[in-house]
Amino acid sequence: MTILPPDPDLNALRLELGRLRAERGWSYDELAARSGLARRTVIEIEQGRTIGTLKTWHALAHALDTPFDDLFATLCHEHDLPGADASSDI
C-alpha cells in the first residue's frame with residue numbers, strides 16, 4: 001500500500017513571505033532588488049499566482065536573511081514535519 005504525504009500548505013508559505021517582507025517594511029520593489037528577481041515574480045509568488053522554483057525561493061530566503069529550512073517549514077503548517085515523531089517510535 002502506498003502512503004502519500006500530506007499536501008504542502010502553499011498558502012502558509014506565501015503568507016510567510018508577505019509577513020517577512022512587511023516586517024522589514026520592504027515594498028515589492030525592494031524585495032525584488034535585494035533578491036535579484038523581477039518585481040512581477042515577487043508579486044505573483046506572494047499573491048499565490050505561481051509557486052516559484054527552488055532557485056527563486058533560495059534567492060528570497062537570502063534576501064530576507066531567513067534560513068531556507070525555516071521558510072519551508074511553513075509548508076507543513078497544517079501537519080507534522082517529516083520525522084517529527086521519529087523518536088517516539090523507539
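I call a residue buried when its relative accessible area is under 20%. The model I am reading is predicted.

**Entry: helix H3**

I looked up H3, residues 39-46. Its buried residues are Val-42, Ile-43, Ile-45 and Glu-46. Looking down the axis of H3, I see these buried residues fall within an arc of 165°, so they line one face of the helix. I then asked which helices they pack against. They pack against H1 (10-23), H2 (28-35) and H4 (54-63). I also checked what follows H3 and found Gly-48. The phi of Gly-48 is positive, near 80°.

**Entry: helix H2**

I went to H2 next. I noted Tyr-28, Leu-31, Ala-32 and Ser-35 as its buried residues. Down the axis of H2, these fall within an arc of 100°, so they too line one face of their helix. Their cover includes H1, H3 and H4.

I looked at both ends of H2. At the start, a side-chain oxygen of Ser-27 comes to within 3.3 Å of the backbone nitrogen of Asp-29. After the helix comes Gly-36. The phi of Gly-36 is positive, near 80°.

**Entry: the core**

I keep one general point in mind: in soluble globular proteins, nonpolar side chains tend to be buried together. Here, the largest nonpolar core has 20 residues. Which residues have the most contacts inside it? I listed Leu-17, Leu-31, Val-42, Trp-57, Leu-60 and Leu-71. H1, H2, H3, H4 and H5 (68-72) are the elements that give two or more residues to this core. H4 gives the largest share, 5 residues.

I followed two of these names back to my earlier entries. Leu-31 is one of the buried residues of H2. Val-42 is one of those of H3.

**Entry: Leu-71 and Thr-66**

I left aside neighbours within four places in sequence and looked up the contacts of Leu-71. I found Leu-13, Glu-16, Leu-20, Trp-57, Ala-61 and Thr-66.

I turned to Thr-66, which sits in the loop between H4 and H5. Is Thr-66 buried or exposed? Its relative accessibility is 15%, so Thr-66 counts as buried. Not counting residues up to four places away in sequence, Thr-66 touches Leu-20, Arg-24, Ala-61 and Leu-71.

**Entry: the UniProt record**

I checked the record last. In an unreviewed entry, UniProt lists residues 19-71 as "domain: HTH cro/C1-type". Over residues 19-71, I read 66% helix and 0% strand. The end C-alpha atoms of this stretch are 11 Å apart.

Terms used. Residues are numbered from 1 along each chain as its sequence is written. This is a predicted model: local features need pLDDT of at least 70, side-chain atom pairs count only at pLDDT 80 or more; totals for chains, interfaces and linings use all residues. Side-chain values use heavy atoms; hydrogens and water are left out. Buried means under 20% relative accessible area, exposed over 50%, partly exposed in between (1.4 Å probe, protein chains only). Helices (H or I, at least four residues) and strands (E, at least two) are DSSP runs, numbered from the N terminus. The arc is that of the directions from the helix axis to the C-beta atoms. Contact means heavy atoms within 4.5 Å. A polar contact is a pair of N or O atoms within 3.5 Å; within protein, one must be able to donate a hydrogen and the other to accept it, and residues adjacent in sequence count only if both atoms are side-chain atoms. A nonpolar core is a set of buried Ala, Val, Leu, Ile, Met, Phe, Trp, Tyr and Cys residues joined through side-chain atoms within 4.5 Å. UniProt positions are given in the numbering used here, feature names are shortened, and annotations may be inferred rather than shown by experiment.
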